[in-house]
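Visitor: I am new to this structure and would like a close look at a single part of it.

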Amino acid sequence: MTARTIQNDLPEGVRFLPDYLDGVAQEKLLTDIREMVRVAPLYTPAMPRTGKKMSVTMTNCGTLGWVTDKERGYRYQTTHPVTGKPWPEMPASLERIWAELAGYPHPAEACLINFYDAEAKMGLHQDRDESDFDAPVVSISLGDSCLFRVGGTGRGGKTVSFRLNSGDAVVLSGSSRLAYHGVDKIYTDTSTLLKNGGRINLTLRRVTKPA
Ligand code: MD3
Ligand code: FE
């Protein structure tokens, strides 16, 4: 078979659900996100040690939020790093998505909201700041499409690339929970959901081990 750049032959444990949310559900979720961003504005995070700014802007909802800065690095905390206020509550719309997709008997604690403008990317990384790797990560994409890449659990292994469109969900569990992954490119003008363009990704996570 000839090699293809974009394909759906995904690693073990990656469940891809294209068009998981229809247009109406995407609009409803966007209404909830607008309210969250009003209370907890998107801010520009910085990388540990170097302080280099990330190209995405971020915020969170839930009891815990993922943050990064030069001094203290990657971590979860209960408050917004700029406003100092607690993160907004997880809306019912996101609780429902977690209940339906995670297959995990405890609620999500964090929803990281990433906003990508036309130039934003996210380098290959692992999500390993959580204490509970038994819970999956559930991802929802809204707005412009992106080229997403996922590999194995070791740096420098083979990766597969595929496109994530508005309304798509991805569930990462089992052996893929610690897979390297990243966003290589945003495809501008591929969705009309966000009037000014760009891409939103939501990642729902369990952070702590349940008692
Ligand atoms: C594969 N976000 O916030 S979501 C992140 O599109 C992050 O904004 C990307 O990576 C984004 O950490 C990708 C899909 C995703 C999330 C977690 C994963 C894929 C994953 C964990 C393991 C393997
Ligand atoms: Fe990630």
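Which residues coordinate the iron ion (ligand 2)?

Guide: This is a predicted model, in which local features need pLDDT of at least 70, side-chain atom pairs count only at pLDDT 80 or more, and totals for chains, interfaces and linings use all residues. Residues are numbered from 1 along each chain as its sequence is written, chains are lettered from A and ligands numbered from 1 in the order in which they are written, and side-chain values use heavy atoms, with hydrogens and water left out.

The iron ion (ligand 2) is coordinated by His125 (NE2), Asp127 (OD) and His181 (NE2), at 2.0 to 2.2 Å. Donors are N, O and S atoms within 2.8 Å of the metal (3.2 Å for Na, K and Ca); water is not among the atoms, so sites may look incomplete. The spacing of the donor residues in sequence is H-x1-D-x53-H. His125 belongs to strand E6 and His181 to strand E11, so the pair ties together parts 56 residues apart in sequence. Strands (E, at least two residues) are DSSP runs, numbered from the N terminus.

His181 also has a polar side-chain atom 2.9 Å from an oxygen atom of ligand 1. For Arg199, a polar side-chain atom likewise lies 2.9 Å from an oxygen atom of ligand 1. In the side chain of Tyr116, an N or O atom is 2.5 Å from an oxygen atom of ligand 1. Of the 490 Å² of accessible area that ligand 1 has on its own, the protein covers 98% (Shrake-Rupley method, 1.4 Å probe). Strand E12 (199-205) gives the most to the shell around ligand 1, with four residues.

Note on methods: A polar contact is a pair of N or O atoms within 3.5 Å; within protein, one must be able to donate a hydrogen and the other to accept it, and residues adjacent in sequence count only if both atoms are side-chain atoms.
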